[in-house]
Structure formats: structure tokens, C-alpha cells
Amino acid sequence: MIALPIVGVSAADLALRSGELSPQQTLTRELGAADARITESHVDAAVFQHPDGEHYAPVGGYDAYRPGKQPQAQPLKASVPAGAPSVQDTSGHTKVHTAHGLLATELRELDVHDPLTRGLITLDRGRLPSGPGEVVATNAFLKASGLYVGSSVTPRGSPAAYKVVGAYELPSALRTTELLALPGTLFAPLNKALQATGAPGVTARTSYLVSVGGDGFTWNMVKEANTKGALVRSRAVALNPPADSDVPLFRQAPKEQFELTDAGGTLTERAVLATVIGLTMLEVCLLAGPAFAVGARRSRRQLGLLGANGGDRRHIRAVVLSGGLVIGAVAAVIGTAVGVALTVGLRPVLEQQLGARFGGFDVRPLELLGIALLAVLTGLLAAVVPAVTASRQTVLASLTGRRGVRRANRVLPLIGLAAVAGGTAIVLYGATRQVSTTVVAGGSAIAELGVVALTPLLVGLFGRLGRLLPLSPRLALRDAVRNRGRTAPAVAAVLAAVAGTVAVSTYEHSRDVQARHEYVAELPANVGTLTANDNTGHKDVPALRATLSSTLPVAVRADVDRFVVGNPNCEMRDSDPTCGRVELITPKEQRCPLLEAPGGVDSFTPAQARELRKDSRCAPRTHFSAPDVVIADEKLMTVLAVTDPGSTAALREGRPVSFEPHDVKDGKITLRVVTDQAAVEEAAGKNAEVPGRDTVLAVHTAPRPAEAWGIRLVVPPAAAKNAGLATAPVGAWFSLDGKATGAQRQTLDGEIDRMGADARFRIEEGYQKESTLGVLVLTVFAGLITIGAAGIATGLAQADAEADLKTLAAVGAAPRVRRTLSGFQCGVVALMGVVLGSAAGILPAVGLRLTQEREQERLIRNGIERGWATVQDAELYVPIAVPWPTLAGLLIVVPLGAALLAALVTRSSGALARREAG
């Protein structure tokens with residue numbers, strides 16, 4: 001009982017410490033054997049950087065920076081010191097054909113035979129690539145793809161397959177799916193093949209590993225590279241950072257702007273950790289205390305003999321406390337040893353969970369010693385009450401087995417009542433005034449300790465219900481009330497475990513109710529979409545549509561296309577010169593001023609912004625669609641449940657339908673064909689209109705409140721053709737005739753994988769409740785604690801009532817009486833603990849929900865004052881909902897299970913013996 005928490009704490013300590021890398025280990029995993037890594041800043045100008053190489057800003061700051069108007073930055077290679085050995089590291093993201101379909105994967109080119117790369121990767125099996133056509137793959141890729149060493153793998157669009165000759169891992173990123181090849185063997189042929197088909201190539205990121213020798217890549221060398229627009233992660237600078245006064249970035253802007261300080265978060269974590277440790281110790285003491293009391297009660301004759309032979313109360317207390325120390329010490333040794341052994345044995349599993357390899361086993365003796373002393377202290381504290389109780393027994397009472405009568409402690413209930421009142425007040429203060437989860441957690445812990453102190457009094461109050469119960473449970477309840485010294489700790493232990501479960505389940509259930517209330521559907525119920533994930537998949541769309549109709553119970557299918565300008569493989573706002581786009585232009589006078597002003601909302605006073613938020617032009621959109629301008633026929637109106645007959649008729653007649661009145665002027669809309677990307681960027685810098693050729697179309701405006709679920713404009717195919725605008729397939733919107741079964745979904749997924757298409761498929765099924773596995777685990781844990789604590793109390797009750805049970809057996813009581821009484825004794829303790837724990841667990845959940853409500857109110861109020869939000873946004877809904885099914889399970893199933901288990905494990909007959917005199 002004491003050793004189990006020590007096992008967990010010691011294992012967690014060793015695992016966390018082993019997972020913390022030293023600066024040298026971290027740098028080796030980032031830089032290999034190199035002195036520095038030089039990367040692009042993506043700023044075409046000189047930069048100032050932080051010594052860590054991650055934070056930076058253009059010289060002069062972003063306010064003065066204008067893209068494309070700065071002196072052109074030099075190529076990254078120019079930042080490598082002349083004559084210094086270097087290795088180019090290139091990576092990019094694409095999708096790769098696997099045994100299951102397509103998998104998003106990192107591609108990487110790196111000469112892993114160069115000594116500078118030593119430490120970047122760890123070869124697990126096989127060998128490193130030696131030439132073109134060979135790659136090595138991470139273990140994560142092989143697991144996700146269903147491939148193996150010796151398989152062939154093909155990036156999407158590649159003219160040739162690559163053989164996987166080895167498996168490796170990235171020590172600090174075990175979950176990364178990556179393929180690695182030698183320089184020049186992967187990106188060049190792949191991009192050549194993609195560009196030949198009109199598809200954009202893979203965008204690669206380049207860096208250089210550099211070795212300079214001597215003092216390493218110094219801070220002066222870093223600043224020199226910054227003048228060329230490059231960033232540097234330097235080993236020498238990381239281990240010996242420069243003074244703040246020597247960092248130009250800190251002279252340009254405050255240092256705090258580039259560093260995340262979380263002192264408040266750290267204090268919160270420490271406060272929560274201290275609370276958890278304290279409550280855990282309390283739980284163990286409450287569970288172990290009655291167990292020590294059972295031992296002391298069974299040893300009362302030996303303790304009585306000790307007193308008869310001249311021992312006083314100090315000796316009796318010392319004997320019982322020594323037992324607690326011995327048990328605590330044994331638990332410390334066993335728990336620490338088992339914890340360390342488990343960490344060593346489960347190292348691969350732990351590393352996979354953390355996503356990184358340990359730097360080595362970092363055993364910190366002082367920390368483990370502190371954990372062991374915690375076990376000893378817990379054993380000692382758990383034995384204090386039994387030691388005091390045993391020492392107060394007279395020698396005669398100990399030898400004869402008489403228990404005597406003790407008056408109830410009148411001070412402890414008063415302390416408990418004060419703690420409950422004070423803790424509740426702290427929770428309410430933290431929730432409504434301070435708005436601090438730390439204060440709420442602390443107040444909840446104090447209130448729970450108060451309820452624990454009130455447990456003896458509350459157990460006595462439960463005894464008044466005995467007159468309403470049948471004989472056997474009445475006897476069990478009265479026995480528990482008469483012997484509060486053994487009942488109260490067990491009830492308190494159950495209370496503490498159940499309170500945590502109720503608090504978490506109430507909080508999570510309340511969040512679930514709020515999420516259900518706030519859920520906004522993306523489509524009508526039982527309507528779905530099947531679309532290509534990117535524009536390069538437009539050729540797969542016709543086959544995807546046919547597969548959809550053949551596998552799902554489709555009622556209506558609306559085929560949807562998109563506008564195309566230039567290369568059909570281009571993505572929206574692609575900067576490639578061969579790419580263009582068609583934009584739906586909102587008339588200038590009908591645009592929201594908050595979005596049109598050069599400074600956005602900041603261009604207006606808060607009062608002006610608040611007024612403009614009321615303007616219908618600035619009303620926020622509730623639904624979004626990509627694309628929001630589509631080419632489709634009247635079937636789309638049926639799928640989207642648009643009941644306006646005018647919209648259906650207009651599409652059938654070849655007229656577009658607009659669902660956004662502000663896009664329409666004089667019954668017409670404007671589509672702008674944009675082809676000059678350079679002119680677009682220049683206009684963006686001047687906050688001017690996007691240049692392009694306009695096409696004006698007469699439209700039908702759907703009346704309010706017609707909802708197209710994010711689609712602004714539907715253009716029939718005939719209208720697009722007459723306007724001279726090219727199109728390409730994007731997917732299908734469909735409604736179902738009934739629900740799609742799991743088997744049908746799997747069939748569709750399998751067909752898409754077989755086709756090798758990269759598609760996105762979803763059906764609107766309303767709000768889906770998140771998994772409650774965590775609450776279930778906590779409920780099971782509370783049940784186990786309840787059964788354990790009630791079992792201990794039952795064992796102590798049987799030790800106390802042994803003489804009565806022998807008398808029952810002597811007068812001919814049925815064998816089942818012993819089982820029945822044991823079961824009811826266990827069930828009564830469990831029921832009292834669950835009832836009190838359920839009541840105590842509501843408080844922290846209420847406090848946390850009130851804290852969230854006040855925080856959201858503050859944010860909304862601030863948004864309204866600044867003109868960022870409207871009064872409609874202030875409709876806050878933060879419910880406090882009680883999870884009645886969970887409480888019913890705790891109140892009924894757990895006590896009943898505890899009672900049945902106690903009855904089953906109790907012997908139905910005991911040996912007859914002469915009852916002691918008295």
C-alpha cells in the first residue's frame with residue numbers, strides 16, 4: 001500500500017531526469033559533430049538574431065521592413081566561412097505511396113557518410129544509402145506505411161521507385177516519418193518529373209552544417225552571417241552565450257519580447273504538484289492507518305503483556321510506531337527498487353511515449369532518497385493514531401479484549417467545519433475575484449481536508465438512519481458508528497478517492513455540455529463532401545465520384561468544380577508565375593471598413609469600432625467553405641437543403657446564385673481573373689486593389705435566411721463556359737439515404753487507398769462526444785480504492801467482533817451470517833465514503849467552471865470595449881452539469897460490488913472457541 005505510490009514516483013523521477021538532455025547532448029542531436037548549422041531566415045535583408053538561433057527580426061524591426069524593397073539577401077552558401085568544411089542538409093514535405101495509400105512524409109537529402117553528420121541519426125538496421133535509387137527510412141515511417149527494409153517506395157509524382165536499404169531514427173523525434181537519400185538523388189529528379197506534368201515541385205528547406213575548428217563558430221561570426229540574412233545555431237554560442245549588451249537584437253527590442261517567461265505557470269504547476277503529493281500522502285495514511293490499527297488490535301494481548309511487565313504508554317507507542325517505521329522503510333526500499341527496475345525494463349516503451357531517446361540513465365541519489373524518506377514518513381504518520389489509541393488501553397482491557405468507551409473528540413469537528421467553510425470561501429474567491437486555478441485547487445484541498453476531519457461526526461449522523469434499515473444492515477451500520485476510530489479513516493480514504501473522480505467527471509461533463517451547445521455544424525445533417533486534398537489531385541476526382549456513388553447509399557450527388565487560371569495544379573495564391581486565380585470582388589462601398597482600413601481595427605477608436613461591429617457588412621461569417629466560389633448545378637441546392645425555388649430555377653436556367661448580398665450590386669457580381677503575381681504583391685504593399693481582368697455576371701440573390709454553409713457563389717457550368725472561364729474538378733457534395741455504416745466507410749477508404757488518391761472525406765453527423773476513457777479509468781480507480789479501504793475497515797471490524805462471531809457460531813447461527821455481516825459492514829463503509837466523496841467532489845469542479853466563466857467574461861468584455869467583438873458575442877454559456885450516470889455508478893455499483901466481494905472472500909464458518917471472560 002505504501003510501496004505502490006513510491007514505485008510510481010521513483011519511476012517517474014528517473015524517467016523524467018533521464019529524458020532531460022544536457023546542453024551537449026541536445027547540440028549533438030541538432031548539429032551532429034559540426035560547430036554550427038546555418039539556415040535561411042526567409043527575410044531578404046540583414047537580420048539580428050537571438051543567441052539561440054530561433055528568434056530574430058530584420059534590422060530596423062518589422063515596422064520598417066518592406067518585402068521586396070530591401071537589398072537582396074545573398075545566397076545561403078555565401079554565409080559559410082571560406083574554406084570551412086560543410087555539409088548541405090535539404091528537406092521538404094510531400095506524400096509517398098505506401099501499402100495503405102498515401103502518407104505525408106518528410107524527404108531529406110544529407111550525406112550521412114560525412115563525419116560532420118555523426119550523431120544526427122541512429123542506424124537501427126540495414127545500411128546507409130550508397131547511391132541513387134536508395135533511401136533509408138525512419139522506423140516511424142516503416143510502421144505507418146506498412147513497408148519494411150527491402151521494400152520499394154515511391155514519392156507521389158516520382159518517375160522511379162526507391163529501395164529502402166535501412167531503417168534509422170532521429171533520437172529526439174522518434175515519431176517523425178522521414179525518408180533520407182544522398183544529395184542530388186531525390187529532389188532534383190522528383191521536381192523535374194512534377195514540373196513536366198505541370199505540378200509544382202516540392203519546396204525544399206536548406207541548411208549547412210559547418211565546422212570551423214579553433215574556438216568554434218563565435219558570436220562575431222554569427223553576427224557576420226546575420227548581415228547576409230542567415231541564421232546560425234552555434235555550439236560555442238549556445239554553451240557560452242554573449243552578454244545581453246553584445247546582442248544587437250536586445251538593443252533593438254526588449255529581450256523579454258523574444259523569451260517566453262512562465263513564472264506564473266511554473267508556480268501553478270508547483271502548487272498543483274504539492275497539492276497532489278499532499279493529498280496522495282493523506283490517501284495512503286488513511287488507507288494504511290486502519291491497517292496498522294488492525295495489526296495493533298490483533299497484537300493487543302502482546303501489548304498488554306508489555307504493560308503488565310512494567311512497560312508504560314511510551315513503550316507501547318514506540319512499539320507501534322517502530323512497526324510503522326519498519327514497514328515504511330521496507331516499502332521505501334522495495335518501492336524504489338521496483339520503480340528503478342521498471343524504468344530500466346520499460347525504457348523503450350517510455351522513450352516511445354516521450355517521442356525521444358533518453359540521454360542515459362540519470363540516477364539522482366538525493367531525489368530517490370527523498371522519495372524513500374517520504375515512504376518512511378508516510379508509514380510513521382499512518383501509525384501515529386493506532387499507536388496513541390493502543391497506548392491509551394489499560395493493561396486489563398488489553399489482556400481481556402475489552403474495548404472500553406471513548407468520548408468523541410469535540411475539537412476535530414470544529415476544525416473540520418472551519419476548514420470546509422474556509423476552503424469553500426477560498427474557492428469562491430479564486431473563481432470570482434482572483435480568477436486563479438491555483439487558488440481554486442488550494443481551496444478545494446483545504447475543504448476536502450475539512451470533510452475528512454468531519455468524517456467521525458458525519459459517520460455518527462449516518463447512524464440515525466439505522467432505524468429505517470433491515471436487521472443485518474442495521475447491525476452493520478451501528479457497529480460502524482460505535483467504532484468510529486476504525487470506520488472514519490476508511491470512509492475518509494474512500495471519500496478522497498471518490499471526490500477526485502467526481503470532480504474530474506463533473507468538470508469534463510460540464511465541458512461536454514458546453515461544447516454540445518456551442519457546436520456549429522459544417523453541413524446539413526447526413527450530408528457529406530468528398531474532395532481532393534490539393535489541386536494536383538483534380539485528375540482523380542471523376543474516379544472518386546464514381547467510387548462514392550458505388551459504395552455509399554447516396555441520395556443526391558452534386559459534382560462541384562473550381563475556377564482555374566493557368567496551371568490547374570496550382571494552389572490558391574500560389575506565387576508561381578504560371579499560376580493565377582479567380583477572385584469574387586465585393587464592391588468597395590459594401591466592404592467592412594474594419595477590414596479595409598490600412599491598420600485594420602487599430603485605425604478606429606474603440607467607440608467607432610463598436611459601432612462598426614453592428615454594421616451588417618462587418619457581421620462575422622458562421623460557416624466557411626474551401627472553395628467558397630464553386631461551379632455546380634441545381635443538385636447542390638438539394639444537397640445543401642436550400643429551399644428557395646428561385647435559386648434552383650436560376651441554376652437550372654444557367655444563372656449564378658449568390659448567398660452573400662454584399663457581393664451583389666445592381667443584380668450583378670464581379671469575378672476578377674488575376675494572372676500577374678508580381679503586380680498582386682506590389683498592390684498588397686500599397687493596400688491597393690488587386691489588378692486583373694473583370695468578368696461581370698448577372699446573378700440571382702438567395703433571400704435570407706437561405707444558408708449555403710460557407711459557399712458565397714454558385715456558378716452553373718454553362719455560365720462559366722459562356723464567360724470563358726476554365727474549370728477543374730474539386731469533388732462532390734452529397735446527401736445520404738440513411739446512415740453510412742462502418743463497413744461502407746471502410747470500403748470507401750479502401751477504394752481510395754487502392755486508387756492511390758489523396759482525398760478528404762467527411763459526413764456531418766452532429767456533435768460527437770469526446771472519449772471518456774480518462775473518466776472511466778478514474779472511476780475504476782476510485783472503485784478499487786473504495787473496495788480496498790472498505791475491506792480494511794471490514795477486517796478491523798471482524799477483529800473487533802471475533803468474540804461476537806464465535807458466540808453466534810456457538811448458539812447455532814447459520815454459516816451465511818458471517819458472510820452477510822461482513823458484506824454489509826464493507827458495503828456500509830463504501831456507501832458512506834461514496835456519498836461524502838460525491839458531495840465533496842462537486843466543489844472543485846464548480847470552482848474551476850466559475851473560474852472559466854469569469855475569464856471568458858473578461859475576454860469578451862475586453863473585446864467589446866476595444867471594438868473587436870459585438871454584444872452578440874457576449875452570450876456566454878458555461879454550464880455546471882452533474883454527471884448523474886457516473887454518480888449512479890459510484891453510489892450503487894461500487895458499494896454493491898464491495899459488499900459482494902467482501903462476502904465472497906469471507907469464510908462462512910470459524911472455529912468454535914471458548915469466549916474470553918468479560
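Student: Is serine 79 buried or exposed, and how do I read that from its relative accessibility?

Tutor: The model is a predicted one, and in it serine 79 has a relative accessibility of 7%, so it counts as buried, since buried means under 20% relative accessible area. This serine lies in the loop between strand E3 (56-58) and strand E4 (86-97), and, if residues up to four places away in sequence are not counted, serine 79 touches Ile38, Ala225, Lys228 and Ala230.

Student: Where is asparagine 569 found, and which residues does it touch?

Tutor: Asparagine 569 is in the loop between strand E14 (554-564) and strand E15 (581-585), and it counts as buried because its relative accessibility is 6%. Leaving out residues up to four places away in sequence, asparagine 569 touches Thr197, Gly198, Ala199 and Pro200, as well as Asn535, Thr536 and His538. With histidine 538 there is also a polar contact of 3.2 Å between the two side chains.

Student: How many helices and strands are there in the protein, and how much of the protein counts as buried?

Tutor: The protein has 29 helices and 23 strands, and 44% of its 918 residues count as buried. If you take the contacts between residues at least 6 apart in sequence, 80% of them join residues at least 24 apart.

Student: What should I look for in a nonpolar core, and which residues have the most contacts inside the largest one?

Tutor: The general idea is that, in soluble globular proteins, nonpolar side chains tend to be buried together. Here the largest nonpolar core has 23 residues, and those with the most contacts inside it are Leu636, Leu640, Phe659, Ile711, Val714 and Trp733. Two or more residues of this core come from each of E14, helix H21 (635-639), helix H22 (645-653) and strand E22 (726-736), and H21 gives the largest share, three residues.

Student: What is the phi of tryptophan 709, and where is its place?

Tutor: Tryptophan 709 has a positive phi of about 60 degrees although it is not a glycine. Its place is in the loop between strand E20 (700-701) and strand E21 (713-715), and with a relative accessible area of 17% tryptophan 709 is buried. Asparagine 526, which is not a glycine either, has a positive phi of about 65 degrees. That asparagine is found in the loop between helix H17 (484-518) and strand E13 (527-532), and at 15% relative accessibility it counts as buried.

Student: At what angle do helix H10 and helix H11 pack?

Tutor: Two packed helices are described by the angle between their axes and the distance between the axes. Helix H10 (residues 313-345) and helix H11 (residues 347-354) pack at about 70 degrees, with their axes 5 Å apart, which means that H10 is roughly perpendicular to H11. Thr343, Val344 and Gly345 of H10 make the contact with Arg347, Pro348 and Leu350 of H11.

Terms used: Residues numbered from 1 in each chain as written. Heavy atoms only, no water. Helix = DSSP H or I, 4+ residues; strand = E, 2+ residues; numbered from the N terminus. Buried < 20%, exposed > 50% of the residue type's maximum accessible area, 1.4 Å probe, protein only. Polar contact = N/O pair within 3.5 Å; in protein donor to acceptor, adjacent residues only side chain to side chain. Contact = heavy atoms within 4.5 Å. Core = buried A, V, L, I, M, F, W, Y, C linked by side-chain atoms within 4.5 Å. Axes fitted to C-alpha atoms, helices over the stretch in contact; angles between N-to-C directions. Parallel < 35°, antiparallel > 145°, perpendicular 65-115°, else oblique.
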